[in-house]
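Have a look at the model first, then read on.

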Amino acid sequence: MAAELSEHKEERRREESSDLITGAFSVAAILMFIGIGSSVLSTSLQYYFQGGAPADRSLVIALLLNVALILFGWRRHAALRDEVKIRAEAEERANLLASRDPLTGFYNRRSLSEEGASMFARAARRRKAMALMMLDLDHFKTINDMHGHAVGDALLCAVAREIADAMPPVALTARLGGDEFSCGFLFDPSEPGVVERIAERLVSRMAQPFEAEGLRLHISCSLGIARSDFDCSSIDSLMRSADIAMYAAKKSGRNRFAWFDNSMERELQLRNQLESGLRAAIPSNQIVPYFEQQIDLATGRLDGFEVLARWEHPLRGTVNPEIFIPIAEETGLIGDLSLSIMRQAFAAARDWDPSLSLSVNISPWQLRDAWLAQKIIKVLTESGFPANRLEVEITESSLFDNLALAQSIVGSLKNQGVRIALDDFGTGYSSLAHLRALPFDRIKIDKSFVQSINESADSAAIVNAIARLGESLNLPVTAEGIENAAIEERLRAIGCSKAQGWHYGRPLSVMDARRLLAERRLLTSQSAQPQRTAAEGDLPPVTKGPATTSQRLAG
């Protein structure tokens, strides 16, 4: 870069030197033209009117050369003028490209920072506040994938026009890249409602259909707002605050706006700490399996366990799965976490009574992995756990994205003897279609219906209908969320085959599960005592912590 700059300076120096020489020649030619021309003109007039001697030929030739030099200099001057104009226009275009987004004409990120700093300072001088909005389009990637980048670009231009129309007369508008925009303007600190009205207008307009390339497209937006007079020392701090607020709006359900507050930053810091800890916790087996009992309602005997995840953090104690499972899904760690839990659970259950099964819940994110079935089978093979004792639970909502891939994964698992259960039945969009499309072995009724079965006639009707559906399709039905004997008795009367919930006890650690099975003589004869076994020796020690509510592995 330095070499190119030096070369450019040297070229400009040569050009300036050449222009100086050309100018000197032009001035000299004009002076000579004046001197020689006056002499030749005087002699020629005397020759024609007074009969004097003709002009000296050498002077005439010199005069003609001077004329030629003047014409050359004039043409050179005109060429230089045009070159300067072209160069100025090129520099203007280069500056524009360096400061503007070529698609929308908005400022780019660097220019937003520079112009925003000026507006930030102007707000302080005028005793105003600067509002900065960060806007991210929801579902834009889906439109790009479905219709191509030409349609996506047309949509971005339409969005930019709407943003420009919503802004006050003096405002900054920027496209930060992809489908993320930013805008800033000054407002009276005592009138934040002005900012909220603009935000509401933007959110409302983004939720309306857009016309692009002859298509009618539907998106929404998540919008974050920060103001300069609330703990923001610079434009960079203001941009960061607005960005945090935008992600908070997205996390809250999208299609809305949110003002920044300090709690959002604390939450983000906590999340980053948990993400960092999670990356170390998975390979070190800090996240361990817990086991929730599944009971045969007809006989009352223990039929198996659902495997849950618990993070036994060395400093924080037991971390709730509702906190770390979403982080694992967002960061792509859920696959490694799930396989780690399976590996530990299978190793712990190898010497359990063969009648006991294990149920493992699969995250929707894992169903996007075409190699998921092979990974599960590999863990089964390495741990020596029989495939026919494993039941994989798939939530109905996870089938919506890619049913064909889900069919391939389920088919591969079924071929190895693994059973498949449809979890949270009744909460999805197309239950009957999924039952027909995939070879399920069991239906699980969502606990939201089960827990209110004795208080809500609607819940009772839904549970009863699912039980009748399972009976007609020859699919056994499991009810989760059993909290008392009255619910258990009602489900037994309806015809559910299996149940699980706190009525049968809290989720158990590996040691507690072994102790329970030893008491019920459900361990194989080689290790029928509740003390530590060789299989358990392969697992890390489990730190006791307060019991948490029963959560599935995938949250």
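Before getting to bridge partners, one definition: two strands pair if DSSP finds at least two bridges between them. Keep in mind as well that this is a predicted model.

E11 covers residues 357-362 and runs parallel to E12, with five bridges joining the two.

How many of the residues of E12 are buried? Six of the six are, so E12 is largely enclosed by the rest of the structure. Both of its faces are covered: Leu390, Val392 and Ile394 are buried on one side, and Glu391, Glu393 and Thr395 are buried on the other. E13 is mostly covered too, with six of its seven residues buried.

**The five-stranded sheet**

Elsewhere there's an open sheet of five strands in the order E2-E3-E1-E6-E7, and its pairing is mixed. Strand E2 (172-177) and strand E7 (256-259) stand at the edges with a single partner strand each, so one side of each has no neighbour in the sheet. On average, neighbouring strands here are turned by 20° against each other, ignoring direction.

Further in, strand E1 (residues 129-138) runs antiparallel to strand E3 (residues 180-187), and eight bridges join them. As part of this pairing, Met134 stands opposite Ser182 in E3. Helix H5 (residues 149-166) packs on the sheet and touches E1, E2 and E3, its direction making about 10° with that of E3. Helix H6 (residues 193-206) packs on the sheet as well, touching E1, E3, strand E6 (220-227) and E7; the direction of H6 makes about 165° with that of E6.

**Two helices crossing**

Two packed helices are described by the angle between their axes and the distance between the axes. For helix H7 (residues 235-251) and helix H8 (residues 262-281), the axes come within 10 Å and cross at roughly 75°. Angles of 65 to 115 degrees count as roughly perpendicular, and H7 and H8 are therefore roughly perpendicular to each other. On the H7 side the contact involves Arg240, Ile244, Ala245, Ala248 and Lys251, which meet Met264, Glu265, Glu267 and Leu268 in H8. Sorted by class, the contact of H7 with H8 has five nonpolar, no polar and four charged residues.

**Residues worth a click**

What about cysteines? The structure holds zero disulfides. A disulfide would need the two sulfur atoms within 2.5 Å, but the sulfur of Cys183 is 9.9 Å from the closest cysteine sulfur, in Cys221, which is too far for a bond.

Then there's backbone geometry. Most residues other than glycine have a negative phi. Arg254, in the loop between H7 and E7, has a positive phi of about 65° although it isn't a glycine. Asp424 is another non-glycine with a positive phi, of about 55°, and its place is in strand E13.

Arg521 sits in the loop between helix H17 (510-519) and helix H18 (534-537). Its C-alpha is separated by 8.5 Å from that of Asp353, although the two residues are 168 apart along the chain.

Here's how the residues picked out in this section, plus Cys232, fare for accessibility:

| Residue | Relative accessible area | State |
|---|---|---|
| Cys183 | 2% | buried |
| Asp424 | 9% | buried |
| Cys232 | 10% | buried |
| Arg254 | 32% | partly exposed |
| Arg521 | 74% | exposed |

**Zooming out**

Finally, the whole chain. It has 18 helices and 16 strands. Of its 555 residues, 45% are buried. Which share of the contacts between residues at least 6 apart in sequence joins residues at least 24 apart? The share is 70%.

Definitions and conventions:
Residues are numbered from 1 along each chain as its sequence is written. This is a predicted model: local features need pLDDT of at least 70, side-chain atom pairs count only at pLDDT 80 or more; totals for chains, interfaces and linings use all residues. Side-chain values use heavy atoms; hydrogens and water are left out. Buried means under 20% relative accessible area, exposed over 50%, partly exposed in between (1.4 Å probe, protein chains only). Axes are lines fitted to C-alpha atoms, for helices over the stretch in contact, and angles run from 0 to 180 degrees between N-to-C directions. Helices (H or I, at least four residues) and strands (E, at least two) are DSSP runs, numbered from the N terminus. Angles under 35 degrees count as roughly parallel, over 145 as roughly antiparallel, 65 to 115 as roughly perpendicular and the rest as oblique. Contact means heavy atoms within 4.5 Å. Ala, Val, Leu, Ile, Met, Phe, Trp, Tyr, Cys and Pro count as nonpolar, Asp, Glu, Lys and Arg as charged, and the others, Gly among them, as polar.
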